[in-house]
Amino acid sequence: MEGIERAQPKPSSVNLLDLSAKVEIEAARVIVTMDKRAHNPYLVASGLADKPAKMPWFGNKQLLIRFA
């Protein structure tokens, strides 16, 4: 196989972060609802949705992440 010595593995983060979501912006919070995908169990297990995160750069709104 020609060129195999230059082959590079695709980073797993490429597919993990390539997803769509619904974003709702309210007065005090931003709600991001991720579309249903096969890797959502990994995102849920990461703890991203366990508690809201403050966004000081966005008027101290809270970021809520949900999974469909």
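## About the model

The model is predicted: local features need pLDDT of at least 70, side-chain atom pairs count only at pLDDT 80 or more, and totals for chains, interfaces and linings use all residues. Residues are numbered from 1 along each chain as its sequence is written, and side-chain values use heavy atoms, leaving out hydrogens and water.

Let's start with E2, which spans residues 29–34; strands here are DSSP runs of at least two residues, numbered from the N terminus. Of its 6 residues, 5 are buried (under 20% relative accessible area with a 1.4 Å probe, protein chains only).

E2 pairs with E1 (residues 21–25) in the antiparallel sense over 5 bridges, where pairing requires at least two DSSP bridges between the strands. A hairpin of 3 residues joins E1 to E2, and Ile-25 has Val-30 in E2 as its bridge partner. E2 also runs parallel to E4 (residues 61–67), with 6 bridges joining them. Here Arg-29 stands opposite Gln-62 in E4.

## A closer look at Lys-61

Lys-61 belongs to strand E4. This residue is buried but has no salt bridge (a side-chain nitrogen of Lys or Arg within 4 Å of a carboxyl oxygen of Asp or Glu). The nearest side chain of opposite charge is that of Glu-26, 8.9 Å away; Lys and Arg count as positive, Asp and Glu as negative, while His and the chain ends are not counted.

The backbone of Glu-26 tells another story: its oxygen lies 3.1 Å from a polar atom of the Lys-61 side chain. Leaving aside residues up to four places away in sequence, Lys-61 touches several residues, including Ile-25, Arg-29, Val-30 and Met-55 (contact means heavy atoms within 4.5 Å).

Methods: Buried means under 20% relative accessible area, exposed over 50%, partly exposed in between (1.4 Å probe, protein chains only). Helices (H or I, at least four residues) and strands (E, at least two) are DSSP runs, numbered from the N terminus. A polar contact is a pair of N or O atoms within 3.5 Å; within protein, one must be able to donate a hydrogen and the other to accept it, and residues adjacent in sequence count only if both atoms are side-chain atoms.
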